[in-house]
Amino acid sequence: MIDIINYDDGNIFAKILRNEIPSEKVYEDNNVYAFKDIRPQAPVHILVIPKQKFCSFDDFVTRSNDKIIASFFKTIKKIIDQENLIDGYRLITNIGKRGGQEVPHLHFHILSGKLLGKIVP
Ligand code: 5GP
């Protein structure tokens, strides 16, 4: 089990979901919110988060169910189609300290708009 277990309601993405801090919306439905990363690492850098409280991918797969998991991934694909990323893209989710996770609310990065190169520089 990863070291992130208890959800922290004070994390920055929880604040974004509560509209306590602004974000640049890309997509929203009842279960998912997507917005632009504040420090983009590529011309397209979108963060996709579930509205439910999950700390990480690890937590999501452990505590969620197949229907919600499938729906979340289908929504990521919907956003990719919406953004017309026909030349390719990269999906990343960082988990825990060693994975480089900064914000303890599950998020997938969608990166695109340039040749992305190696995963770990
Ligand atoms: P992690 O390292 O946890 O996988 O990624 C967290 C991401 O959240 C980083 O790419 C960082 O730039 C982004 N981020 C951190 N704070 C904010 C914020 O207040 N607004 C937005 N839009 N992105 C943020």
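**Ground rules**

The model is predicted, so I kept local features only at pLDDT of at least 70 and side-chain atom pairs only at pLDDT 80 or more, while totals for chains, interfaces and linings use all residues. I number residues from 1 along each chain as its sequence is written, and side-chain values use heavy atoms, with hydrogens and water left out.

**Entry: helix α3**

I started with α3, residues 66-82. Helices here are DSSP runs of H or I with at least four residues, strands are runs of E with at least two, and both are numbered from the N terminus. I checked the length of α3: its 17 residues should span 24 Å at 1.5 Å a residue, and the end C-alpha atoms are 24 Å apart, which agrees. The expected span is 1.5 Å times one less than the number of residues.

Next I looked up burial. I call a residue buried under 20% relative accessible area, exposed over 50%, and partly exposed in between, with a 1.4 Å probe and protein chains only. Buried in α3 are Ile-69, Phe-72, Thr-75, Ile-76, Ile-79 and Ile-80. Down the axis of α3 these buried residues fall within an arc of 145 degrees, so they line one face of the helix. The arc is taken from the directions from the helix axis to the C-beta atoms. An α-helix has 3.6 residues a turn, so residues three or four places apart point the same way. Asp-66, Lys-67 and Lys-74 are exposed on the face turned away from the buried side of α3.

What covers the buried residues of α3? I found that the cover includes strands β1 (25-28), β2 (32-36), β3 (44-50), β4 (90-92) and β5 (108-112), and also α2 (57-63).

Then the ends. Asn-65 caps the N-terminal end of α3, with a side-chain oxygen 3.1 Å from the backbone nitrogen of Lys-67. For polar contacts I take pairs of N or O atoms within 3.5 Å; within protein, one must be able to donate a hydrogen and the other to accept it, and residues adjacent in sequence count only if both atoms are side-chain atoms. After α3 comes Asn-84, with a positive phi near 60 degrees.

**Entry: Ile-76**

I picked Ile-76 from α3. Its relative accessible area is 1%, so Ile-76 is buried. Setting aside neighbours within four places in sequence, Ile-76 is in contact with Val-48, Leu-91, Phe-108 and Ile-110. Contact means heavy atoms within 4.5 Å.

**Entry: positive phi**

Most residues other than glycine have a negative phi. I noted Asn-84 as a positive case, near 60 degrees. Asn-84 sits in the loop between α3 and β4 and is exposed at 53%. I noted Asn-19 too, with phi near 60 degrees. Asn-19 lies in the loop between α1 (12-17) and β1, and it is exposed at 69%.

**Entry: Gln-101**

Gln-101 is in the loop between α4 (96-99) and β5. Is Gln-101 buried or exposed? I read a relative accessible area of 12%, so Gln-101 is buried. A polar atom of its side chain lies 2.8 Å from the backbone oxygen of Cys-55. The backbone nitrogen of Gly-96 lies 2.9 Å from a polar atom of the Gln-101 side chain.

**Entry: Ser-112**

Ser-112 belongs to strand β5. At 5% relative accessibility, Ser-112 is buried. Its side chain reaches the backbone oxygen of Gly-88 at 2.6 Å. Beyond four places in sequence, the contacts of Ser-112 include Ala-42, Val-44 and Tyr-89.

**Entry: the ligand**

I listed 17 residues around the ligand; Asp-37, Asn-94, Glu-102, His-107 and His-109 come nearest. A residue counts here if one of its heavy atoms lies within 4 Å. A ligand oxygen is 3.1 Å from a polar backbone atom of Gly-100. A ligand oxygen is also 2.8 Å from an N or O atom in the side chain of His-109. The protein covers 89% of the 520 Å² of accessible area that the ligand has on its own. Accessible areas come from the Shrake-Rupley method with a 1.4 Å probe, and for residues only the protein chains shown count as cover.
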